[in-house]
Amino acid sequence: MTFPQHTVEKIGGTSMTRVAELLDTLFIGDREGARLYHRIFVVSAFGGITNKLLEHKKSGTPGVYALFANDDDDHGWLDALTEVGHAMREAHGDILDHPGDRSMADEFVRERIEGARSCLFDLQRLCSYGHFRLGDHMLVIRELLSGLGEAHSAFVTTLLLQRAGVNARFIDLSGWRDEAEHTLSERIAQGLGDVDVATELPIVTGYAQCTEGLMREFDRGYSEVTFARIAAWTGAAEAIIHKEFHLSSADPKLVGEDAVRKLGHTNYDVADQLSNLGMEAIHPKAAKTLRQAEVPLRVTNAFDPGDPGTLIDDQPAEEANVEIVTGLKVVALELFEQDMVGVKGYDAAILEALKRHNVWIVSKTSNANTITHYVHASLKTVRRVARDLEAQFSSATVSARTLSLVSPIGRNLHGLKVLSRGLAALEDVGIDVIAAHQTPRGVDVQFVLGARDMDAGITALHRVLIEGAVAKFPQKAA
């Protein structure tokens, strides 16, 4: 089928928790008739549900998946799965007013939770035989569990909209009880192929079961990949991500509500740099899909419907400008080897060790006998990498310490003297700079600071590079 002019829009988990409020802003608001449609919504699970199903994204507290993978008492994962069911029912109980809708949602949760429970039990029994290994199936289990959250939120949102008079349609891409195998494109075509976006409002699961295995490559970034592929496949006029805040020049809690500026317009270069520093406007692979399909991306505040948000496209900046200052806690992994000069193999070995331990590389510097990687991982994990490298290079000195990396970013930083002005700004407030780096591309400058200096560093750089304050190196005492 062909789709008329439409948008594909994604709602994150935190915003989904407030989905009842979105009726008055995002879904309906002042829209009537045909204006309610020509949109496809891709939804994440309600806030906190995926943490309970997998593991807590920040603290690492185990959820059903992690408990099942490390099953010590045989019942930890069972209790956790029961708790997920309670949390799901509590979530939609706060959203759905009509008893009939709540009853349908309760039954939906019961069927999915009991189905997952039976599946995990059957797998445990199967793997009690020596020919089968539980580890061979864990990625599939991770995908099955993750899909429960998105299916639940999409189903509940569909009920909510239908009760409000909108012709909403639940589109489940999670592959629940589907015996056939599909690629991601085939799964999307199967789910959306007969949808009429002129008269229906599709509510689509952010997780899509497919032969590629989204979690193998993207783990919990899969919903943005699904969203981007749907936008590309349907030829959307725009792809829109709705967050609970505007994409701004810095965290307003750090630099002040009055000091931040909404970006308004930026490009995918900046979006990639933000992703590298853990402040994802969109997953880089999802951005690549949209770029190649020539679909512009817009990031909006779901609870500020009158504001157009920030447009992200391929266009260069009209003038040089620092657009955002952000930062990330990192661990500096440093390998020093006096005899490294002119010898090949060190770089490859370090990269292999980092890959083996699944460590995310943020930045890297090197000189004649030292290679330093700034990585986003726990110090415990990086020390494991260090032990591997010490065993491989017995005469090398390998160290790891926690630092922070603060970066001004913009589409075009040429001619702004961001490095020198940034050093002056940090010196002004008494922050020692451990390292600084800029590249010829002129998109970002990186300042490596002490771990405790990140917030103060962001504030100081924002004040000088975006708010326009003038920094001067303080005079040394005679």
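Is arginine 387 buried or exposed? Arginine 387 is exposed, because its relative accessible area is 51% and the cut-off for exposed is over 50%. Keep in mind as you look around that this is a predicted model.

Now let's see where that arginine sits. You'll find arginine 387 in helix 15, which covers residues 379–392.

Asp251, Glu257, Asp258 and Asp455 make up a negative surface patch. Take aspartate 251 as your way in: look for it in the loop that runs between strand 5 (238–243) and helix 11 (252–255). Aspartate 251 has 37% relative accessibility, so it counts as partly exposed; that label goes to residues between the 20% and 50% cut-offs.

Next, turn to the strands, with strand 12 as your guide. Strand 12 spans residues 397–409, and strand 9 spans residues 324–336; the two run antiparallel and are joined by 13 bridges.

Strand 12 has another pairing to show you. Strand 14, made of residues 445–450, pairs with strand 12 over four bridges, again in the antiparallel sense. Here you can look for serine 404, which has leucine 449 in strand 14 as its bridge partner.

Finally, have a look at the backbone in two loops. Most residues other than glycine have a negative phi. Lysine 417 is not a glycine, yet its phi is positive, at about 55 degrees. To find lysine 417, go to the loop between strand 12 and helix 16 (418–428). Lysine 417 counts as exposed because its relative accessibility is 61%.

Histidine 38 also has a positive phi, in this case about 60 degrees, and it isn't a glycine either. Histidine 38 lies in the loop between helix 2 (19–27) and strand 2 (39–43). With a relative accessible area of 27%, histidine 38 is partly exposed.

Definitions and conventions: Residues numbered from 1 in each chain as written. Predicted model: local features only at pLDDT ≥ 70, side-chain atom pairs only at ≥ 80, totals over all residues. Heavy atoms only, no water. Patch = residues over 30% accessible without salt bridge, like charges linked within 9 Å, V, L, I, M, F, W, Y side chains within 5 Å. Areas by Shrake-Rupley, 256 points an atom, 1.4 Å probe, with all protein chains shown as cover. Salt bridge = Lys/Arg side-chain N within 4 Å of Asp/Glu carboxyl O. Lys, Arg positive; Asp, Glu negative; His and termini not counted. Charge placed at Lys NZ, Arg CZ, Asp CG, Glu CD. Buried < 20%, exposed > 50% of the residue type's maximum accessible area, 1.4 Å probe, protein only. Pairing = 2+ DSSP bridges.
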